[in-house]
Every structure is written in C-alpha cells, then in structure tokens.
Amino acid sequence: MRLCEHRYRTVSSVGGPLMFVEGVFSVRMGEMVRIIYPDGTAVAGEVLKISGRTVLIQVFGETAGIDLGAKVIFSDTVRRAPLARSMVGRVFNGSFEPIDGLPPFIPEQWGEVNGLPINPTARACPEEFIETGFTAIDTLNTLVKGQKLPIFSCAGLPSREVAAGILRNARLAGGGEFVVVFVALGLTHHDYSFYMDTLQEMGTGFVAFVNRADEPVVERLLAPRFGLTCAEYLAFVCAMDMLVVVTDITNYCDALREVSTAREELPGRRGYPGYMYSDLASLYERAGRIQGSAGSVTMLPVVTMPEDDITHPIPDLTGYITEGQIVLSRELHQRGVFPPIDVLPSLSRLMQHGIGAGHTREDHRRIADALYRHYAKGRYARGLEAVVGREGMMESDRVMLDFSDAFEAEVIGQGTARREIGASLDAGMALLRRFSLEAT
Amino acid sequence: MDGIITCISGSTVTVAISGAKMCDMVLVGHAGLIGEVVRLEEEKAIVQVYENTLGLGIGEPVAGTGKQLTVSLGPGLVSNMYDGLQRPLERVRAAVGPFIRTCRDIPPLDTGAEWNFEPDRKAGDEVKAGDVIGRIREGAFVHLVTAPCAGRLEQVQSGACTLAEPVARYTDGSGVFAQQEWPVRRPRPFRRKLPPVLPLVTGQRVIDFLFPLVRGGTAIFPGGFGTGKTILEQTIAKFADADLVVYVGCGERGNEMAELLEEFRSLRDQRSSASLLARTIVVVNTSNMPVAAREASIYTAVTMAEYYRDMGLHVLLLADSISRWGEALREISSSLEEMPGEEGYPTYLSSRLAAFFERAGTVETLGGAIGSLTMILSVSPPGGDFSEPVTQACLRTTGVFLMLDTTLAHSRHYPAINWSQSYSLYAAGVTGHFIAHVSPAWGEMQQRCRELLQREATLREVAEIVGAEGLQDADRLLMMTTERIRSEFLRQNAYSDDAFSSPEQTAARMGAILGSHDRAEAGLKQGLSLDEALEGGRDAS
C-alpha cells in the first residue's frame, strides 16, 4: 500500500503501443497506470517489464498526441475486472467500458482478468450433450458442455452464418438455454452488425465485448480476457451455462504479433511470438466445468485460416489446445452445401462422453462410425475417379461415389433449417439403408 | 543468502544477491514464489520463477533455500496428481478452492498419514550410508528406508509412524526419515545398466506385433493435432504391462486430465484387479499453468519414476507432449536473451533431450534388484511437419518411432500409426522372446504381414492408373487381405473390449487372416474364380 499517488513525468521514449518511463520507484509487474496526455485525455496502461528504475508500459489506446512530458500515474494495483449479474444484456468495448449508452453497472465482485488456472482435480468431465441443430456437428462431431470447439474457416466462407446458427439453435439436453458472451475482435462494422442482430433476435441473455477494426489493437488482447472473466463469474458464481463466442482469433493473434514485434521479441513461425501457444492456451483453457458448481463455460472461437492453410500457426496451435475443430470447406461451399462442414478433418475429442444411451441415442456411435467410414472411402474413390474415370472403377467404389454425393447433399447440406438430434440420426440411418450399408 | 529484486521481465527476475549457487532454489518476493537460479553474474543472479509474477514488485526480498529444486520421495506418492513442482493438487484444491493460487506449506507427501514401519536394524547398530534400516509397505510397493550417512543408531521405531517424525535416530541426535528428497535434475544412482531385452506389452497390436517396445527402451510418437496421441498415451497407460505408470500431462488440456483421473479411478488393473489409479502417479502442468514449471515437470516425473525403478520395479513414464516441454525451454531461453538455434529453440535442446532419454533403461539397482524405466513420449510437431527440431532431436535418441498419420486419422483409423514409416530398433531382439513364449510363427507372420502391406502399397499405385478392375485376381485377393489386416488387425478401438489384445490374441488374429489368405490363394491356383476362392478360404476358417 502506497501512502500517496505516484506520478511521473519521465517518459523517455514512445514507440507503437509501448512507452518507457525512467526513474520509477517500487513498481510492480502488471501494475495499472493512467497516462494523461498534454490535451487532458487519459488512457490506461499496464507495466510489462521492469528493469531497475526503467519501466516498460503497454498503452491501451492511441499513442497519437502523446509527448515526453505526459503524466504517468501508478495505481499500485494489477488489472481487475468488475463483475456483476447486471452485466447480462450489456455491450462493452475492449476496455470494459459500456458503449450501449447506459451507465456503468455496480460491481458485486472484482476478478482476475488473466484468470487463474482451474485445478485439474477440480474439473468435472464435460459430458452433457449440446444440440446445435446442425447434423454435421450433432451427429458426427458432437459438442458437449464445457468443451472448446473452434470453427476453422477460410476467407469468404459463411463462418458467420454457421456461428450465428449455433447461437440461435444451441440447446442443452435438459432443455436449458445458454447465456452468450460474444467477443468481437477487429470486426468490420458489417460483420459486427450481423452478429448484433442475431444476438438481439435470440432473446436470451448475452454480454458483448466489441473491438471493431478501427479500434486500438492492444484492446484485442484484453477483450477476450474480460469476456472470459465475465463468463467464469456468471458460470461458477451465478451458476449459468455460458457459451463464449470469440471471433476472430486470427485478429487476436495478429495483435499479439504486433505487440510482440514492438517489444522487439524474437519472432517465431511467420513472425508470431514463440509463446503464442501458451498465450492462446491461457484463453482456451478457461472453458470447462467445475465439480460442485452448476454452471459451465463452453467456448466456440472462430479462426479464419490465412491462405486456407490448416498448418498455419494460428489454426495449428489452436487445434493443439482445443478439443477438436469444425472445419469449413471451400469446395462444399462452392457446391452450395450449407453448412459447408468438411467432416473428415473435423473432430470432437469429447464426443465419446456426450453420446449414446442417456445422452443422445443408443445407436449414435454406430451410425456416426458407419457414415464416417463410407464417406472417407467415397472421398478416396473421388480421387480415383479423376484419374481412371468412373468406368475403370469397381462396382463397390462406384457405390461409394454415389453415397458420398448423397451424404453431402442430404445429411450435411441441411440448409438453415434446424434439425433435432433424432432427425439428424434418422437422416444418416436412412442414407445408410438406401445404399444397403448397415451400421455396424 | 538474501537479496532484493532489481528487474522483472515475464517470469525472469534479476536479483541483487551474493553467494547464490547455480540451480539453487530461491523464494521470490513477499509471496514466496518458487524460483531457480539459472545464471550468475557479479553480485547478481538471474532467477527463473516457476509461478505467475503478476503483482511482484521491485525491491521485494528474495530468500535462498540452500538446496536445489527437489522432489519428496516416500510412501503416499501413488494415486496422487501433482503439478510440475510436485504440489499435490488434491490438497491444494482442498486448501484454496477450484482455481490454483499460490499457496505455501502444503508438502507433496501427506505427513499426517500413518504407515507401518518394519525395522531391519535395531538400536545400537552401526550403519553405513545407504544401508537399509527398515521398510514401509504401501499396497504392492515396498519403500526402503535407508541410512543417509554412517553412524550408530541410538533408537529405532517399530510399527505406526508418520513421515513427519523420524523412524530412527543416530547417537548425535539427527534423525532418519521415511521420506527423502532428491534434486530433480540429477539422475538417481544405480549399480550398472543392462541391455534391454524383455518386451513391454502395450496391448496395441500394431505396436506389439510390428514395432515392439522393450522394458527400459524409449519410444516417441509424433503426430499433428487430431491424430490420437493423447488417446494412445492413455490407452497404453491403462493396459501396459508395467508395475507403475507415471503419466505426465505436459502443457496439455485440463479436461483431458480430469477425464484421465475419473477413468483411472473407476477402471481396474487387469493383473492386480486393484484400481488403475493405485499404480499411477500423474504429473500435470496444463497449458495455462506457468511455463517454467512445465519445463520442470518432466524432471519431477522422471525422478519419481526412478525412485520406483530403484525398488526393482518396471516403471513406465508416459509424457504428453514433449514438444510442449521444448517450447517451454524456448520461452525460458528467449526470456534469458540467449542466442537462438534452429527455429528459435536454444542450441542445447538436443543435448538436454538426449540426457533426459538417457534416464530410461534397465538397471541393476544399488540393492542388486533389476528394475526398468521405459519412456513413451508424444511429440506435437507444428503443422504436422516432422522436420522440426524437437522431432528430429528425439529421433536421434529413441528406439521406437511410431509415426501418426493424419490421413489415417481422418478416416478414423485408430491408432493412426503409419506402418510403412514407423520403426522399432528393438524388433530383432524381442521377436525371439515372442517366438519362445507366444507363438513359434511370430517372426514369420511378422515378415509376411510387412511384405503384404508393402506389396499393397505398390499395387495401389498401379490400381490408381489402371483401375482396380484392371488388376489380376491374385492381386485383388492380396488387396482384400490387406484391407482385412488394416480393419481387423491394425485398427483397434480404444473404447471397446478390443482395447487390449494380449500377445496370444494378437498372434491368433494374424494367424487367422493369413490362413484364409493362403487357402484362397491355393484356390486361385487351382483355377477357381476369386469369389469362389474367397468362399473357400472363409469356409475353412
């Protein structure tokens, strides 16, 4: 505890979102500061590094207009997020300030913005089925409560519509509904208004954190952390089931790279910092359930794969941390299939626990396996067909070709209509029967 | 030896201190965060802090402990889940709730638990360092209490004891405790290393039959995400023929570890019919726990594994995944501003890895028993590209390479082990064992299986040009047989009764497939059509 406010006018250099302050006494890591510009504007900052009396500060806002005489006020506290039930229904910017024209809410509690790791022994296994209304997900890559399942998309694909479809249709097995935390990172106004319309239509509760494309890049690093702190509070203190949608993680990683480069850190693959895995994990790992607590945090991040490349560091590291992935395919989209989900590279690691008797239906696993196996054969046969032509193929391969075409058109390509899990499984079953492929 | 903090950058802290030693453990700041001295300069030390440094301030004190980073070894280790610094997570949870916060004074071993001490020596005996004073039984494990130094025993306990109280005393008043401490970075001593010869049965057909492991050997399986590394690690942890399993979740998912705990608690060990957890120690540092502790976690785990090896047991260490350890090393190295090597990894990556792998092996322990420590590590190469430094560094030192294949995984062929690229350097040695103990035809069948799969690869290329219709009947039969090998033999569902296959079952299954292939082939030679020949093959089987 300091007895008086520490103010300095000793800024020695400013570059990008970073500034150095000299001659600072007894400062702490992560300490919040306020910076007063010559024209009176105040922005927030955070201590990143301390080297003797020299302190490196990350500025959350525009550094335009700052001069070396700017006042820096040290707060002696690390960043905390105000939390209350009344956050539900509100829209905030990346610094957790309301932008919906309403006054700030009264906090009931303050939480750690970076979160604390959940003790693995305290976690409850995710196993409650979530119905998304899409057959490709419900039947073949089942989502469960407490899971983190990203959507891997490519530029120009309808990831927005898929995410919105899930938001609109997601239901818990017990019939409960989700409260949505929506985190928009570097979104264009066009995308942003699409999502806001969806949220408003839904009628269920939501909390939105919005950082648009022209807003400070550094806030993109903060917004998802505020969103998750808020989700953890609502889930584990207020016992709500939270669905956290973060879009787009690619913008988050680019912001991370921008700040890392400004700090002159050693760049890793494609210029992204070497600690990107741990940094992304500090977001994704906050999803989960806790024993003895009724709430849950389920995460649905959207990743746009640069150059449609799934081995690009962003989807790659994401895939290593998350529990599976839903991959959208340009080919299916071009053929007019909606949702254009390519089920072969898609995966839900926690599916095993959320399906079968007591969750979905006893024959779920068998149907899913049979569909997968035959569709994989059909896709292989398609490659063959391109070389030898349909005539040169065995009868069994030709059946597989027809099967996979029908599978894409009828089972995957359901359009925007919602399908219940029973109907999804029946659709798969009917297709298998039609081709006399028993589900074993 | 106390100092004060002068610089903080991430988890690297510079301390003005004198008299510190390299690798000493220090307590940093008012919160007493655990750190390790990684570099010494004149009047200052660079300390790597193993916990979150948020809120740590300049000028806060740093206290030396005079010892290196150590683990506690003794009764009560098994069934526990520890973090990378051997903090017992169950008891941490009981103390501070479901989220991990810094908390002091929770010893790794429960010092309140009561054990039964059976003395071998009595008061008045002269003992040398390393002499056995007595033993404590914990289920199937016998913990030996040895003399830390030479001297005369003044008093020896018998019966009920705890880890907090000495079980014996020397005449000079110092005590002998049932738990011991060992620095994690120093391998525990043994008499000599023996060549590994006995197979380690994993119950996975593709591994046991084609790419066998040995007790005391090392194996890696690299694979991109979604290729089933974790499931394979966990399946092996469940079924492998080992006395004790140390499972390290190194920079991986928290949900997975929760699942593992839950499952191991309910599953029974096939051999002892006790709960699987009773033969398992879990070390976990999930990806969002501090990175420096992730680096330490594999050493913490291997030291515990060596402790059990020294009881003359066969210990299996599974780590998922070693790439995350490599990345932690890279993050630490770059925060120390060291000169980077390939892809930003420090140049000592391969030597550290090799030294770690060297802690595996079959040994004659100091007590004369034979124990082994086997390692199976998963590798997560970025982008699924095996040319990256961690995979390459592992390949130079390990005996078994099981390549996980994205294409196989996409068609839900699990375990997605690629049979043409994987290898085992131990295959030649253990085939003899299987021939002698399981099936005389083991070696021959193995050879034939490989040949069939190889010929199939060639035929596939041909078929892609001329179409499967253009192949001869003998070739089509071969492709049908290999299809059976793939779907009935190489593939194994980890969630069914088939999850474990004993060597006998493995041999029988391969024998059946090859048998019907031979009969159908004979039929073709007699001039039957393919369908008739297949029918004939099936009839006899």
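In this predicted model, seven bridges join strand 18 (residues 241-247) of chain A to strand 20 of chain A, and the two run parallel. Within this pairing, A:Leu243 has A:Thr298 of strand 20 as its bridge partner.

Strand 20 of chain A spans residues 296-304 and also pairs with other strands of chain A, as the table shows.

| Partner of strand 20 of chain A | Sense | Bridges | Residues standing opposite |
|---|---|---|---|
| Strand 14 (residues 151-153) of chain A | parallel | three | A:Phe152 and A:Val303 |
| Strand 19 of chain A | antiparallel | two | A:Gly288 and A:Val297 |

Strand 19 and strand 20 of chain A form a hairpin with five residues between them. In the turn, A:Gly292 has a positive phi of about 80 degrees.

Nine of the nine residues of strand 20 of chain A are buried. Both of its faces are covered, with A:Ser296, A:Thr298, A:Leu300, A:Val302 and A:Thr304 on one side and A:Val297, A:Met299, A:Pro301 and A:Val303 on the other.

The domain assignment divides chain A into domain 1 (6-78), domain 2 (81-354) and domain 3 (364-434). The centres of domain 1 and domain 3 of chain A, taken over C-alpha atoms, are separated by 60 Å.

The contact between the chains takes 58 residues from chain A and 56 residues from chain B. Helix 10 of chain A supplies the largest share of the side of chain A that touches chain B, seven residues. By class, that side has 31 nonpolar, 17 polar and ten charged residues.

Strand 5 of chain A pairs with strand 1 (residues 2-9) of chain B in the antiparallel sense, over three bridges. A:Lys49 stands opposite B:Ser9 in strand 1 of chain B.

Definitions and conventions: Residues are numbered from 1 along each chain as its sequence is written. Chains are lettered from A and ligands numbered from 1 in the order in which they are written. This is a predicted model: local features need pLDDT of at least 70, side-chain atom pairs count only at pLDDT 80 or more; totals for chains, interfaces and linings use all residues. Two residues are in contact if their C-beta atoms, placed from the backbone, lie within 7 Å. Helices (H or I, at least four residues) and strands (E, at least two) are DSSP runs, numbered from the N terminus. Ala, Val, Leu, Ile, Met, Phe, Trp, Tyr, Cys and Pro count as nonpolar, Asp, Glu, Lys and Arg as charged, and the others, Gly among them, as polar. Two strands pair if DSSP finds at least two bridges between them. Domain bounds come from an automatic or database domain assignment. A residue is buried if 20 or more other C-beta atoms lie within 10 Å of its own, exposed if 12 or fewer, and partly exposed in between; C-beta atoms are placed from the backbone.
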